[in-house]
Amino acid sequence: MGSAPECEIMIEGTGVLPKHCTLYRTGDRTFQIVALYAAAQFSVNGVISGEVEVEVPFKFGIGGEVFDLDLATEEEAPIPEAMEEPLAGPRSSRRSYLLKPVALKPRPGQRVGEVILDGVPPAAEGAQMTPKPVARPTVKLEAAAETKPQPDEEESSSFLLSGLVVCGAMIAGIVYWPHHLDHLSASTSAATAEPVTAVATSVAVKVPDLPPQDSVRACQCLLRAGAPVLASHVLMPLAEAGNVEAMHQLALALRASGEFGDEVVFLLRQAVEGGSHDALRDFVRVVDDVDNPARYTESALQGLQLAVKLGEASAWMPLGERYEYGNGTQPDIKLALAAFEKAKAAGDRRADAKLSAQRGAMERAAAFVRSWNEVSVASLLDHVAAGQGMFFKLDHSPMEALLRQEEEMRARWPLRRISVAAGAKAEVETFDLIKVSQPFQFEVQRGARIARGTGVLACTVQRDQADVWRITDADDRIEIHELLPSEDQFLKAASLRALKPAFTHAEQMDEARLEILERMRGIEDTQDFKPALTVLLGVVCEFPQETFWKPFADTLCDRMARQLFAEGKWLDASWADPVHQFAERGSVSAMLLEGHLLAAGYGMPRDPARSTVLYQKAFEASQRRDARFYYAEALFQGHGLSEDVEKAGAFVLPFMSRSKHPLEAYLAAHLLWRKAETDPALWQQVYDTLSRVTDRHPPAKNLAGMVLLNHGQTTKERKTGFAAIQAAAEEGVVEAMKNLSNCYQEGIGCEKDFHLATLWKQKALVTSPPRRKHYTEFAE
């Protein structure tokens, strides 16, 4: 098939070569299509290929056109004479070719291909064939005279006809005496007729000797007609006689007739070594055949090496694969790359996919260098593999550590101008693992400090299962060209991430503050206190004589205390040790937080007495109101010590009785309650203290209601007290629920209602007490 006039199927179109491809019939309904050149592309059922075996019907695409190919049925009309002309005129709108055995009947003496065949009378239609011995008729095949073919016939169609006639002549012999075919092809002088069983409409003929090249051409027609076994018997003597073309065609016939055998490769190699250039492509194809048991052996490698030596371009791709995977030799990526380059030059698209690996790996390394200019470190996840190795001196560190290192570099040098430079190199270890060296230029700046230079990123890039290149390990080395304003303001380093300004003591403290702020940013949302604790503890150890870190420690410890009160548990026991160290170094909030932990037994053994001592120490060190409150509360409740109401009252009442802070007012009301039990004139003060915070603290609402209910002077006051208790109960205060149940039971401030009394009593039993709030949750 092609655009040349001598092709049996002539097709014009863009990209159609003069001799584009060959169509072989390999079975009743199967055909093999083989491109004659690497650039000869075609498609079968939408898939582009250079060689394919397919079963009819199928869609065949060539030259920008798509045709439907199928076998003709018996009812279809014969091929009109117009179809015997080359398809050079306007194409038929049907775009279909019917692949069927040619049924033309040559006239006696008509020129068909390269021989003249005498006509053979066809069997009468409907005649009953009975097996009987017949004499071998003789048909004289003479060399064709060099006469000009008829203008209405294609020489290729006539040549196909000659092969089919010879095929029909031989079929009768195969049915009865297949073991004598060698004798039939080797000897044509026997005078006695062999008994032949006639089947259907077969015709027995006598085949005289033909010139070897004509026999080979006739066997090519037999192969196209789907008779590889017959062709192999005819070709065998010629191949044994040393005819290289016969060896070539015999190998193809043996391959088409059954399972793959070593003789196929042997015959093709003999043909190639005998000088048959046409056998080279088929030799490469069978050597790399998936059915070839010796496909990955040393002999296959040598065969491919021989093919490329003789100039067969299609052998470069399989040869490169042998070098890549070490089939028949030691793996050698350099030889594989060279072979793939040759294959790409020959038009093999598979080689381009192999060679694109280097380009993909180098593009990943260059993109990683450019990402160093970005403010965010989020893109690191696009460039770096999750299970990386050594990464800028960090060995198999978690991704969080890599992100933190990149953040530190960006914080250290807020202004960065980093660009890739020419001269990148790639060293291919495998086509999924490539080492890349990417040069770069940099200029980093912090304030008046500016550093300029060049560097080289050395990294390993690996292709993952999603076919994406990721960096698995990386390191860089830099060369400083300029340091401004002076060299003594920089710390010398061999890596960009190790390049740091030489800070003064004041600058170092400023850096520490910035780092602490960075770690504490967003801590309200994440509730992950460990990074901030680690940084703070490092700063405390680095600056033992300084106190600038204490406000940060107090803020962090207050936030952790609120978390403790809200959750009712300590989320990470390892947090307790940094808190203790901050408390030892004078952080008031750390002392209070450690006191809370000791009182509840979170993160350390429960010790109420020591908790009270820490509250006292925090108050005496700072005179802070929250420290005063927790110390007074511990005294009032007798945590770890004997209850000391008098001391607590003297300590609290002068400062908290008029406070608007809910916790302070509630504690002061309790202390005043104790005093009012012996001095009724104080009940008004108890109520006034509580009334200032009832809207913000439901327990205070319950306590104020009890004051009005028990000590109110009018019915209205008692009903107001009942309403306050009821409101507190509805807001979830368990003590208010108990008090409300008692009111309904006794009819205090309301009508008696045993049903509601029982209901609120049961609700109090199943309701958990409301969580305790931290002092800093309220703003006065």
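## Nonpolar cores

In this predicted model, the largest nonpolar core holds 93 residues. Leu556, Met560, Phe582, Leu593 and Val686 have the most contacts inside it. Helix α23, spanning residues 662–676, gives the most to this core: nine residues.

Val686 deserves a separate entry. Neighbours within four places in sequence aside, Val686 is in contact with Ala669, Leu672, Trp673, Ala676 and Val707.

## The loop at Pro331

Pro331 sits in the loop between α9 (316–325) and α10 (333–345). Is Pro331 buried or exposed? Pro331 has a relative accessible area of 53%. The cut-off for exposed is over 50%, so Pro331 counts as exposed.

Pro331 still has contacts beyond its sequence neighbours within four places: Tyr323, Glu324, Tyr325 and Gly326. Glu321 is ten residues from Pro331 in sequence. In space, the C-alpha to C-alpha separation of Pro331 and Glu321 is 9.5 Å.

## The chain as a whole

The secondary structure comprises 28 helices and 20 strands. The chain has 780 residues, and 43% of them count as buried.

Now the contacts. Take those in the chain with a separation of 6 or more: residues 24 or more positions apart account for 54% of them. As for surface, the chain exposes about 40,300 Å². Carbon and sulfur atoms supply 53% of that area.

Definitions and conventions:
Residues are numbered from 1 along each chain as its sequence is written. This is a predicted model: local features need pLDDT of at least 70, side-chain atom pairs count only at pLDDT 80 or more; totals for chains, interfaces and linings use all residues. Side-chain values use heavy atoms; hydrogens and water are left out. A nonpolar core is a set of buried Ala, Val, Leu, Ile, Met, Phe, Trp, Tyr and Cys residues joined through side-chain atoms within 4.5 Å. Buried means under 20% relative accessible area, exposed over 50%, partly exposed in between (1.4 Å probe, protein chains only). Helices (H or I, at least four residues) and strands (E, at least two) are DSSP runs, numbered from the N terminus. Contact means heavy atoms within 4.5 Å. Accessible areas come from the Shrake-Rupley method with a 1.4 Å probe; for residues, only the protein chains shown count as cover.
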